[in-house]
Amino acid sequence: MIYADNAATTPLDRDAFEAMCPFLLEYYGNASQPYSFSVAGKKALKQARKTIAHRIGALPEEIYFTSGGTESDNWAIKGIMAGSHGSMITSQIEHHAVLHACNAMERLGVRVEYLPADRNCMVQPEALKERITQNTRLVSVMMANNEVGSVQPIAELSRIAHENGALFHTDAVQAVGHMETDVNYLEIDMLSASAHKFNGPKGIGFLYIRKGTAIQPYADGGAQEAGLRAGTENVASIVAMAVALEKNCEHMQENQIRLRKLEQIMEDRLRVENIDFIRNGNRGIPGNISLSIRGAEGEMLLHRLDLKKIYVSTGSACDSKNTEISHVIKAMKVPDEYAEGTIRVSFGAGNTEEDAADIARALAEIMNGMK
């Protein structure tokens, strides 16, 4: 088979898996307990927090463990906006974890502005300048789009937010572990990340909260995560997340070069096969390719490729049951004759040059079979 849906989830790294095992089988004590059997878990949590913080330029005490990107996004938005008399700004191309959290705030009376994106799926700083006011409490714009991979001008957007007295959050789920991310250089107040996007386990993530940021607790209960996110810590998964992030960051440059090569091989092969397609986005995250093929249907392509044991997606995995053109493709104003034939191919650590060529050949066979 060829698995090319790494933007949806990545396979668990073996070193990360092996790092989990002792905390599942031997050091399984509750890390919040005061006795000596819990010391290994306490130390592991402290080291994992330190490792993750280092990789994004944060302080260890600014890293809060969550169940993943969706929880982190919800906490960042609701923790700031719930009960606030201010408004917030986001974009039309956000993941539904952000969009639906914003919808929930709107139902509570919070005013939310949605910034447009251009043909390259870019949110322009000028658009934020036009919409932001002194009443804006929070701006939330994703670092890299999950459907087309476009990387946003986060440093400029966050600067505009701060100049107007607003906090800035970014959903960096598709970016962390795949591109350099420094919260101080970018001047970010909050950042969401999810381990399973960078070869860690599912069900674990983190929210970076800049020291001094006033945010409401996500869950009430015990004193875990400085009293802001109660619940027994998932030590095994947290340890694995830190190992996976460290490994991805150590090999980031070579991974980027390899993935760019796979992109080029697939695109070149599609052109050789005379497939009429356009590539969406600004070639941001390496290996994340959104293709819109003229005269095709994305769902049809997905199922025909599935029969060949090639696994791609039509967009966000969280919205896979909705076969309509995605909100991201609509926001980019992709021409209708191409938009309906949109698929996302996202390469990862396990993919080869042969995979890239085989996917292109399979797409050509499918399209030629329609003539």
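Is G29 buried or exposed? With a relative accessible area of 13%, G29 falls under the 20% cut-off, so G29 counts as buried. Keep in mind that this is a predicted model.

- You'll find G29 in the loop between α1 and α2.
- Leaving aside residues up to four places away in sequence, G29 touches F37 and S38.
- Y35 also has its place in the loop between α1 (14–25) and α2 (39–56).
- Y35 has 41% relative accessibility, so Y35 counts as partly exposed.
- Y35 teams up with Y28 and F37 in a nonpolar patch on the surface, and together they have about 340 Å² of accessible area.
- How far is G29 from D268? The two are 239 residues apart in sequence, and their C-alpha atoms are 54 Å apart in space.

**Helix α9: one side in, one side out**

- Helix α9 runs over residues 252–272, which makes 21 residues.
- From first C-alpha to last, α9 reaches 30 Å, close to the 30 Å expected at 1.5 Å a residue.
- Which residues of α9 are buried? They are M252, L259, L262, E263, M266, E267 and L270.
- What covers the buried residues of α9? The cover includes two helices, α8 (235–250) and α13 (353–368).
- Strands β9 (277–280), β10 (288–293) and β12 (342–346) are also part of that cover.
- After α9 comes N274, which has a positive phi, near 60°.

- The model has 22 salt bridges, counting a Lys or Arg side-chain nitrogen within 4 Å of an Asp or Glu carboxyl oxygen.
- One of them joins R260 and E263, with the closest N and O atoms 3.1 Å apart.
- R260 and E263 are 3 residues apart in helix α9, so about one helical turn separates them.
- R260 is partly exposed, with a relative accessible area of 30%, whereas E263 is buried at 3%.
- Another salt bridge brings together the side chains of E267 and R279, at 2.7 Å from N to O.
- That pair links distant parts of the chain, because E267 is in helix α9 and R279 is in strand β9, and the two are 12 residues apart.
- Are E267 and R279 buried or exposed? Both are buried.
- Step back and you'll see a network of salt bridges linking R260, E263, E267, D268, R271, R279 and R283.

**One more pair to find**

- R111 forms a salt bridge with E113, and the closest N and O atoms are 2.6 Å apart.
- R111 counts as exposed, because its relative accessibility is 52%.
- E113 is buried, with a relative accessible area of 17%.

Methods:
Residues are numbered from 1 along each chain as its sequence is written. This is a predicted model: local features need pLDDT of at least 70, side-chain atom pairs count only at pLDDT 80 or more; totals for chains, interfaces and linings use all residues. Side-chain values use heavy atoms; hydrogens and water are left out. Helices (H or I, at least four residues) and strands (E, at least two) are DSSP runs, numbered from the N terminus. The expected span of a helix is 1.5 Å times one less than its number of residues. Buried means under 20% relative accessible area, exposed over 50%, partly exposed in between (1.4 Å probe, protein chains only). Contact means heavy atoms within 4.5 Å. Patches are made of residues with over 30% relative accessible area and no salt bridge: like charges are joined within 9 Å, nonpolar side chains (Val, Leu, Ile, Met, Phe, Trp, Tyr) within 5 Å. Accessible areas come from the Shrake-Rupley method with a 1.4 Å probe; for residues, only the protein chains shown count as cover.
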